[in-house]
Structures are given as C-alpha cells and as structure tokens.
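Student: Please explain how helix packing and the nonpolar core should be read in a model of this kind.

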Amino acid sequence: MTQSINSNLMLQEEINQLSNNIPKNKQIQIITKLYKEGLQGQKSLLNFLINRRIHNKNSLSFLDSFIFNKLNMTQIAEINQEINSVFPNGIVELKSDLTINYQPLQDLLIKQKFQEADKVTQIYLCELVGLKTKDNRKWLYFTDIHVLPINDLLIIDLLWRIYSLDKFGFSIQRQIWLSNNCNWEKFWETIEWTKKGNMLRYPIEFRWSTDAPKGHLPLFNQLRGIQVLLALFEHDAWKQLNNTSSIN
C-alpha cells in the first residue's frame, strides 16, 4: 500500500512539473520517464493531455505533440484504446471554415507516413489555387502562391509541425532560410536537399522519417528553382503565425 501511494505521489509530482513553464529538454525527460513507468505512467500522461486539450483547451504546444506521439507508440492495449477513443482524429482541430478537409493529411502524419503526406500536401496546394479544375498541371508557379488562403496554409504547416515534433513544415523551413541570411545554397545544404552541390534524386535520396534533418520535409517544388519557394516564404500567412495555434 505504502509503495503504491509513493508511486502515485511520484507520478503526480512529475505531472505537476509538466504544468510549469519548464524547458523543452526537461519536458522530454519527464515524459519519457513517465512513459517507461508502464500503464500508470502512461495513464497519467494521457489524463494530463486530455485535461490540456479537452477540458482546459490550452493552445497546442510541443508538450501536447510529444505526449501524443509518444503514447501513439504504446504497446499497452488499454492506453491504445483510450487514446484512439478520445482523440480519434488526432490533436489538431480542423475547423469547418477551411477550404479543404485535411483529415487525410492528419491521419498520414499521425502514422508517420511522410512520403504519402508529402504527395497529399502537394495535391492540396494545387487544389487550393484551382489547378484541380483548370488543368492537369501538378505543380505551382510563383504567381499561384498569393492565391493560397492564409488559414489553409497555416493548418497544413501546423499539421506537419505537430506530428514531426517541430521538425518539418514550411514555417520551419522559412526559419532555417532566414537563419542562413536567405542564402539558398546554405539553405539547401542545411536541410539536405543537396549533396555536394547537386539536388537529391526524388524520391529515393530523400529521407521520409524524423531521422531526416530539420526542415527536410515537405519537399514543395524542390526541383523547380527558388521563385516558388521564395514566394511561399514571403506569404502573408507567416505574419499571422504568432496569432495562431503553434508549437512552442
């Protein structure tokens, strides 16, 4: 009995720490520790996530993302059943005012099927600028970019960031580009779209997992020069990013 009480107290103390504004590396350490505690530790994480997402409706953060992705790996049937019951569509709420239903993309990203998600992302972007009805072109020109609705572009980016633990997404790529003083050659090298100055061959040389470098995905017209990507990085959506749900 005493051992059980002490164990529960320890779990609660760890959860209480997660409620505080602690550094990301400390969050990872605590969540990983609780996950390894088995059923009780994972239950405490799931209840914490439910409180944040459903009861308190906190803004999405790295904390939610890491817990959800961690619990999604569980081999414990009870936890697996409950997380699928409480979050059947994932942890990103898709509002009805969006142009497209992005649930198929969310489903692929939850399952870490990044290559398929990359293809679906390109299809969505073409659909958003009207290519689905205009012609059979399956890529964007730089003149198409301003047509992309802000809310739709932000939700696509958010989905990529949430389910990659802040590793992939257009805004992540933009941050890397800016941090390299908008130098395209350094940008390509940093996200490993080039090797020894040569663009990687699609799809076999690209890396379709979170083992890839930060910013490696989604690919987005990587074979068509810089004009389209420059237009994307200059889109008005990024001015509003700080006012939307985002990973912190």
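Student: Which residues of α6 meet α9?

Tutor: Contact means heavy atoms within 4.5 Å. Leu105, Gln106, Leu109 and Ile110 in α6 meet Ile156, Leu159, Trp160 and Tyr163 in α9. Helices (H or I, at least four residues) are DSSP runs, numbered from the N terminus. This is a predicted model, in which local features need pLDDT of at least 70 and side-chain atom pairs count only at pLDDT 80 or more, while totals for chains, interfaces and linings use all residues. Residues are numbered from 1 along each chain as its sequence is written, and side-chain values use heavy atoms, without hydrogens and water.

Student: At roughly what angle do the axes of α6 and α9 cross?

Tutor: Axes are lines fitted to C-alpha atoms, for helices over the stretch in contact, with angles from 0 to 180 degrees between N-to-C directions. Those of α6 (residues 103-110) and α9 cross at roughly 15° and come within 9 Å. Angles under 35 degrees count as roughly parallel, and α6 and α9 are therefore roughly parallel to each other.

Student: How many residues has the largest nonpolar core?

Tutor: A nonpolar core is a set of buried (under 20% relative accessible area, 1.4 Å probe, protein chains only) Ala, Val, Leu, Ile, Met, Phe, Trp, Tyr and Cys residues joined through side-chain atoms within 4.5 Å. Here the largest has 78 residues, and Leu18 and Ile156 have the most contacts inside it. Helix α9 (residues 150-163) gives the largest share, 9 residues.

Student: Why does this core lie between domain 1 and domain 2?

Tutor: Domain bounds come from an automatic or database domain assignment. Domain 1 (1-87) and domain 2 (102-246) both give residues to this core, so it lies between them.

Notes. Buried means under 20% relative accessible area, exposed over 50%, partly exposed in between (1.4 Å probe, protein chains only). Helices (H or I, at least four residues) and strands (E, at least two) are DSSP runs, numbered from the N terminus. Angles under 35 degrees count as roughly parallel, over 145 as roughly antiparallel, 65 to 115 as roughly perpendicular and the rest as oblique.
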